Structure formats: structure tokens, C-alpha cells
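Hi,

Here is the structure I promised to pass on. Please open it alongside this note; my findings follow below.

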Amino acid sequence: MEENAHTESDWLGSIDDLNDFDEVWQKVLDDAVFADLLTDAGFKTVFTNKNNEELLIDLINVMLHGERTITSIRLKPTEFVSDNIGGKKSIVDLCAIDNNGISFDLEVQRCCEDDLFKRFMGYASRIYYDNMKRGGESSDLKPVYVIVLLSGEPKSEDGITYAKRLYSFYTMTEKITHEVAPTTICIIFAALAYFDKTPEQCTTDLDRWCYMFKNLGKMKKTPGWVRDKIMLKLFKAARVAGFSKEQKQLYVRIMLEDFRTKGMLKAARREGIDEGMNMALKKTAINMLKQGISANIVASCTGLSPQVIDKLQS
């Protein structure tokens with residue numbers, strides 16, 4: 001981290017005192033020259049902008065790895081609500097559809113959470129089902145691709161440990177013959193923890209995109225070695241000083257939402273730790289009481305109040 005960079009706590013402590021958007025935006029400019037594409041704020045601000053459609057199309061085509069090629073795209077709503085009363089709501093990072101009706105869910109993920117693959121499969125299923133609700137026959141259903149740019153290593157799920165590779169493409173196959181089923185839902189991962197190439201070693205489009213996702217937010221200027229048309233456009237699109245008024249507002253709103261969510265999660269974790277410690281002390285106290293140790297000694301050893309010890313004895 002740069003010496004003059006603001007920490008998350010600095011943001012949380014100072015933004016609440018700021019009423020002037022210009023002051024907030026100045027803090028953004030002080031922190032970075034280019035948006036970090038692995039953050040929700042950077043990713044959505046760059047790739048949901050209509051002027052950057054060419055970048056979004058190129059990213060999708062590169063991640064499809066020759067599976068198919070798209071030439072045009074439009075954004076779709078990112079919120080999907082279950083038909084059931086009180087059903088869970090799913091919100092994806094970016095959802096788009098091409099001119100053939102094929103849907104794409106693009107996700108950036110800094111933290112490798114448990115059951116990540118299942119969660120993204122759930123997102124894809126929601127999108128697939130949402131397409132079915134629009135009417136038509138099952139034969140009219142179009143594929144859904146979930147494309148994930150993952151900062152770390154995917155965690156094992158249900159005893160399955162993912163291979164240590166940069167690029168993974170999951171689809172449905174017949175287990176014995178490995179025959180590929182008709183395309184319905186596909187999950188594509190780029191695990192950036194396994195990407196460590198230098199600019200000189202980036203020889204493919206996938207290399208270049210992975211390098212930018214991993215490093216763009218830390219750069220201070222456009223390097224001289226960047227000559228590719230798409231990458232030059234990416235640098236221009238991600239320069240925070242060049243954001244339009246609408247992009248600035250979007251960037252700050254998402255950033256603040258992210259900080260507040262993280263703050264609530266930290267508070268919840270602290271509460272969970274405190275509750276867990278309290279439960280552990282009570283279990284220890286019960287075991288001590290069962291062994292005939294006096295209530296006074298149990299209270300002294302565990303730090304629990306005499307009233308709590310009395311309740312545990314009853």
C-alpha cells in the first residue's frame with residue numbers, strides 16, 4: 001500500500017463527516033489513478049458504461065476461449081427474485097445478453113468463500129429460469145455462461161479440490177464417455193492466484209486481461225509497453241479522473257456500500273466470536289460442576305457471574 005493511501009478505516013471514519021461529493025471524490029483521486037477491476041466499484045463503473053461495450057465484448061470472448069464469439073451485447077437487470085413469497089433475492093455483478101439471446105453473468109471475487117461454485121451455479125440457474133419465464137418452449141432456451149475473475153485460490157467443495165490452474169471451464173458431460181451435453185449452463189473461472197507473469201511474458205489475450213485485472217489498480221500511468229488497441233482503451237476507460245459525472249456517482253455509491261457491508265460483517269464476526277467464547281465458558285463451567293467443583297471456584301476460573309453459575313446448576 002502506498003504511504004499516502006487511505007485505509008478502509010480512514011474511509012469509514014472520514015466519509016461520514018463529508019457532505020460534499022467533491023470532497024469524497026478528491027479522496028478517490030488521492031488513492032488511485034486507475035480503477036481496480038477486482039473491486040465491485042471499479043468493475044461495474046468500467047464495464048457497465050455504454051462507451052466501453054467493446055471492452056466487455058472482448059473480455060467475454062477471451063474468457064469463452066473459442067467456445068463461441070459474440071459481436072454485440074446489451075446489459076440485463078442484475079437482480080433476480082424467487083417466485084415464492086419471501087423467496088431469496090440474488091444479485092449478480094454484471095448480467096448481459098448477446099444478439100443470439102445467450103446470457104452472461106460476469107463476477108469479480110476478491111475473497112474465496114465456501115461453496116463458491118455452488119453459489120455461481122445458483123446464479124446461473126436463476127438466469128436460466130428467468131429466461132424460461134419469458135415464454136416459449138424448452139427448445140428455445142439459450143445457454144448461460146458465468147464468468148468469474150477470482151483473486152485467490154478456489155476452496156475445495158464437498159471434498160473436491162480444484163487443480164492449481166489459471167483457467168477452468170466447467171460444463172455438463174457424461175461421466176463415463178465424457179460426451180459433452182448440449183450447452184445449458186457453463187461456469188468459467190480465472191483464478192488469478194495462479195497468474196504471476198510479467199508484462200513481457202504475456203503473450204495471449206487471456207494473459208493480458210489477467211495481468212490488467214491483477215495489476216491495473218496499482219498502476220500510476222499507462223506503461224510504454226502497452227500498444228494493444230483494447231488494452232489502451234482499457235487504460236483510458238479505467239482512469240478515474242476521466243470518469244463522467246454518472247460514473248463518479250456510481251463508483252462512490254458502490255464503494256460506500258461495500259465499505260458499510262464490510263463494516264457490518266466485521267461487527268457480526270465480533271459478535272459471533274464473543275458468543276462463541278461465552279458458550280465455551282459455559283460448557284467448561286458445566287463440566288467443572290459435574291466434577292464436584294464448588295460454584296465459587298467455577299465462577300472464579302471462568303469469569304462467569306454467580307447468577308449464571310446458579311442457572312447452570314439448576
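Let me start with helix α6 (residues 205-215): 8 of its 11 residues are buried, so the helix is largely enclosed by the rest of the structure. Buried means under 20% relative accessible area, with exposed over 50% and partly exposed in between (1.4 Å probe, protein chains only). The buried set consists of L206, D207, W209, C210, Y211, M212, F213 and N215.

A word on provenance: this is a predicted model, where local features need pLDDT of at least 70, side-chain atom pairs count only at pLDDT 80 or more, and totals for chains, interfaces and linings use all residues. Residues are numbered from 1 along each chain as its sequence is written, and side-chain values use heavy atoms, leaving out hydrogens and water. Helices (H or I, at least four residues) and strands (E, at least two) are DSSP runs, numbered from the N terminus.

Next, the sheet. Its 6 strands are ordered β1-β4-β5-β6-β8-β7, in an open arrangement with mixed pairing; strands pair if DSSP finds at least two bridges between them. At the edges stand β1 (73-76) and β7 (167-170), each with a single partner strand, so one side of each has no neighbour in the sheet. Within the sheet, β4 (residues 94-98) and β5 (residues 103-109) pair in the antiparallel sense over 4 bridges, and the bridge partner of A96 in β5 is F104.

Finally, which residues of α4 and α7 make their contact? E54, L55 and D58 of α4 meet K229, I230, K233, L234 and A237 of α7, with contact meaning heavy atoms within 4.5 Å.

Happy browsing!
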